[in-house]
Amino acid sequence: TGWRVCGRLGEGHLKLGTRRLRIGILPKLCLTMAAVMLVPLATIWFLDYRASVDHLSRDIEERLSGQADAAVSFVNVWMDANLRMLRQNARLKDVVSMEPARQAPVLQSIAREYRYVFLAHAVRPDGMNSARSDAEAPKDYADREYVQRVLAGAPMGRQFVISKTTGKPSFVISVPIARDGVPVGVLAIAVDIEGLTPKVTAVRFGQTGYAFLVDDAGNVVAHPSARQNLRTHPAIVAASTVEPGTSSRTVFTEHDHTVIAYARRTDEGWTLVAQQNYDETYAPLRDANRNALILLAASVIFVGIVASRLGSRRPHPIRNLTDIADHISRGELGAEITEVHRSDEIGGLGKAIHRLKARVAVARKRLG
């Protein structure tokens, strides 16, 4: 390489007796050119690297948190729309009557208009169905939390359950049926989890990025693969410390991969997480950094080659003048000094040695 050439052509050597390092002109030239080139180039690379890190970090945050925000907005709107629908129907006289014959047509209308609802039903204070949207016999729902909460005075109830109708994981939303401000029953709809939030499970970015949704207890609402409770998931734990509507950023290890995740809580206290493997997320920065280092190394090699090619010619006139001066010191005045024709500093040195040579010649003649 150019540096090896610089090393071979340099005249520097180490005197062990005096421990003094003497460096020749060519190595100094190489080092000077390298410093002049590398210092600004390295500074530009570092500043560009920092700017790239900041820009990519903001881009990652916007992309992942944007996915979380979009899904959270969808869930909030979905929940709000269904609660409004339930409250509107719960105020109908046919529903408030708690008479099965009058309630059934309303419940059937709900199931017919909202195709994702597989069951709409009304529950009496004792927990038994008063009416259902399907043709099945009344069932006892006294053990369901969404019934207990509403009958206890809560404005709404929600619960993930194994449906008594389908035997599958389901999500139920409920509101009170009130007469003169006193709860006389519960109106509820049941939705198959698989059809609850397709917008969430459909979110994919890159090869490893996906989103998932859990309720306030950590139960999975929507996830590409997991079905177990995720309340100990690092992103869920981090999100529990922030206010609803605020994103939290978490980096953790999952299945031997470092993962970056952004979590956001819904108005109902659910948590939406968008996560992606750290290596894939920061791959653009890693590629840009590698290319910059390659450019930096190529620049060093190029400078070394250029310095060796150009610099190898520079020491020759000085060596020649040094040899001539050495011959003059021995009284040998026959060497021709061709450097006197140069117009630079080396030419000035050649002229000075030429005058010295002339004076030595004159002195020798006088001494006979």
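Biologist: How many helices and strands does the chain have, and what makes a run count as one?

Modeller: The chain has 11 helices and 13 strands. The model is predicted, so local features need pLDDT of at least 70 and side-chain atom pairs count only at pLDDT 80 or more, while totals for chains, interfaces and linings use all residues. Residues are numbered from 1 along each chain as its sequence is written, and side-chain values use heavy atoms, with hydrogens and water left out.

Biologist: How do you know that the span of helix α11 agrees with its number of residues?

Modeller: The expected span is 1.5 Å times one less than the number of residues. For the 22 residues of α11 (residues 345-366) that gives 32 Å, and the end C-alpha atoms are 32 Å apart, so the two agree.

Biologist: Which residues of α11 are buried, and what puts them on the same side?

Modeller: I346, G347, G350, I353 and K357 are buried, the term meaning under 20% relative accessible area, with exposed over 50% and partly exposed in between (1.4 Å probe, protein chains only). They cover an arc of only 120° around the axis, which puts them on the same side of α11; the arc is that of the directions from the helix axis to the C-beta atoms. The face turned away from the buried side carries the exposed residues E345, R359 and R366.

Biologist: Why is T250 called buried?

Modeller: T250 has a relative accessible area of 12%, so it falls in the buried class. T250 lies in strand β11 (residues 247-254). Not counting residues up to four places away in sequence, T250 touches P234, A235, A238, V259, I260 and A261, where contact means heavy atoms within 4.5 Å.

Biologist: Where are M98 and D256, and why do they count as buried or exposed?

Modeller: M98 is in the loop between α3 (93-96) and α4 (100-113), and at 15% relative accessibility it counts as buried. D256 is in the loop between β11 and β12 (257-265), and at 76% it counts as exposed. Phi is positive in both non-glycine residues, near 60° for M98 and near 65° for D256.

Biologist: What makes a set of residues a nonpolar core, and which members of the largest one touch the most others?

Modeller: A core is a set of buried Ala, Val, Leu, Ile, Met, Phe, Trp, Tyr and Cys residues joined through side-chain atoms within 4.5 Å. In the largest, of 40 residues, M79, I173, I177, I189, V200, L213 and W270 touch the most other members. Helix α2 (residues 25-90) gives the largest share, 9 residues. A second, separate core of 14 residues includes V220, L230, F252 and V259.

Biologist: Why is the pair of Y114 and Y116 called edge-to-face?

Modeller: Rings of Phe, Tyr and Trp (its six-membered ring) pair if their centres lie within 6.5 Å; planes under 30 degrees apart count as stacked, over 60 as edge-to-face and the rest as tilted. The centres of Y114 and Y116 are 6.1 Å apart and the planes are at 75°, so the pair is edge-to-face.

Biologist: What makes the pair of Y210 and F212 tilted?

Modeller: The Y210 and F212 rings are 6.3 Å apart centre to centre, with 40° between the planes. Both Y210 and F212 are buried.

Notes
Helix = DSSP H or I, 4+ residues; strand = E, 2+ residues; numbered from the N terminus.
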